Amino acid sequence: MKMRGLMLSAAAGALIGGAQGAVADELTLCWAAWDPANALVELSKDFEAESGHTMSFEFVPWPNFADRMLNELNSGGQLCDLMIGDSQWIGGAAESGHYIKMNDFFEEQGITMDDFLPATVTGYAEWPKGTPNYWALPAYADVVGWTYRKDWFEREDVRADFQEEYGRELTVPETQAELMEVAKFFQGREIDGRTVYGAAIYTERGSEGITMGVTNTLYNYGFEYDNPDQPYDLAGYVNSPEAVEGLEFYKELYDCCTPPGSSDWYMSENIDAYKSGQVALQMNFAFIWPGVEADPNVGGGKSGYFANPEGPGGHFAQLGGQGISVVSYSDSQDAALEYIKWFAQPEIQQRWWDMGGASAMKSVVEAPGFADSQPYAQTFLDSMAIVKDFWAEPAYASLLLAMQDRVHDYVIAGNGTAKEALDALVEDWTEVFEDEGKL
């Protein structure tokens, strides 16, 4: 292990800002294998040209990403110099010493978290939450939203049928109830001689899928992770009557309005179902929207985008996205920090957005004209304004596994009741926090 501590050496700051006179390093950046990673490879060519360092990349498919990279960190491995890790990892990575703390570096280089969207700072960089202790720079802003077949919504025959059935115009859903109506309306409908279905939603059990899906309903019905006034006090919040109602809603949406065989779907399966014309609505993270726009079947004005609809208990959407950190076991921390400084420049962040990335920098997303820069840009802004995230505790993996099992067992397998599922989840989570010494 070649960890050099959580605080930067005095020499580190002197090397940042250019590689002239410094030894060129080869940096490995680790992330998930998806379209934004490909854009980052192209963007990083400018860093190579400016710094003299060379970049290599280790990208792992999402279903295996957490296991692969958390094993790498927990073993003190030196594969990764830079890690774009999930938001939920931040607590464990900070407390276990996997990432270097960035505060001194940010101060030395004039990088301020005030330049980034507050939700992304809290979600991707802070630990403990709500404190100015930073372990990452916000790298990729993401959130669960919805894609819909705008061309189907605009058809006169479809609009007339919806008006007759529901007594209102067919519009983009603004509430969870309207979402259900639209999904039911399209389920089993014939469009251009083909049977289509209502919605592709997250149902996957093996990693994080169904949790990242069901929370978009639970939050909006009143689910809370714990007592806001007493941390880790779970009963009555996780399993409140409102949360039970929200879980029942998600099961109804799955039962009534999804394609056959969609019991284990996550990002890629939803994308495939939507692009192949199977569904009218698709739940998915915003990262897919550039690809939707470019798709020959559903792009070019055939698709529209909307933020997760509000519910009777609030208006929230599940936060996605990641921060970029320097791995404490790296032999090339100074060069890795050069990359962080380079990436934090406003002009690089603008190019990141233009190339299909998702900047969290205010100067980019709050610039005049941003909302019109892409067909999905306004929905991105609307969605990032309502984000809420899963636990970022060091024991997040155990917390996630419990929720995956309990929710999937009820929603997909149909075992027991929603209340029984959430009551059991309270017991599971309580045991985790007892083992952690927090109860």
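About 1,800 Å² of area is buried between domain 1 and domain 2, and carbon and sulfur atoms give 69% of that area; buried area here is the accessible area, found with a 1.4 Å probe, that two parts lose on being put together, summed over both. The size of an interface is often given in this way, as the accessible area lost when the parts come together. Q88, Y376 and T379 supply 33% of the area that domain 1 buries against domain 2, which is more than any other three residues supply.

Before going further, note that this is a predicted model, in which local features need pLDDT of at least 70 and side-chain atom pairs count only at pLDDT 80 or more, while totals for chains, interfaces and linings use all residues. Residues are numbered from 1 along each chain as its sequence is written, and side-chain values use heavy atoms, with hydrogens and water left out.

The two domains are each written as two stretches of the chain: domain 1 covers 24-141 + 320-385, and domain 2 covers 144-318 + 391-435, with bounds that come from an automatic or database domain assignment. Their centres, taken over C-alpha atoms, are separated by 27 Å, and the contact takes 25 residues from domain 1 and 19 residues from domain 2, where contact means heavy atoms within 4.5 Å.

The helices can be followed next; helices (H or I, at least four residues) and strands (E, at least two) are DSSP runs, numbered from the N terminus. For the packing of helices, axes are lines fitted to C-alpha atoms over the stretch in contact, and angles run from 0 to 180 degrees between N-to-C directions.

Helix α2 (residues 35-51) packs against helix α15 (residues 346-354) at an angle of about 140°, with the axes 10 Å apart. That angle makes α2 oblique to α15, because angles under 35 degrees count as roughly parallel, over 145 as roughly antiparallel, 65 to 115 as roughly perpendicular and the rest as oblique. The contact joins P36, A39, L40, L43 and D46 of α2 to I348, R351 and W352 of α15. By class, this contact of α2 with α15 has six nonpolar, no polar and two charged residues, where Ala, Val, Leu, Ile, Met, Phe, Trp, Tyr, Cys and Pro count as nonpolar, Asp, Glu, Lys and Arg as charged, and the others, Gly among them, as polar.

Helix α9 (residues 176-186) and helix α11 (residues 241-257) also have axes 10 Å apart, and they pack at an angle of about 15°, which makes α9 roughly parallel to α11. On the α9 side the contact is made by Q176, A177, L179, M180, A183 and K184, and on the α11 side by F249, E252, L253, C256 and C257; these residues divide into eight nonpolar, one polar and two charged.

Helix α10 (residues 209-221) meets helix α18 (residues 396-411) at an angle of about 75°, with the axes 9 Å apart, so α10 is roughly perpendicular to α18. The residues of the contact of α10 with α18 divide into seven nonpolar, five polar and no charged.

Two details of the backbone remain. The peptide bond from W127 to P128 is cis, with omega near -5°, and P128 lies in the loop between α6 (118-124) and β4 (137-149). D192, although not a glycine, has a positive phi of about 55°, and D192 is placed in the loop between β5 (190-191) and β6 (194-195).
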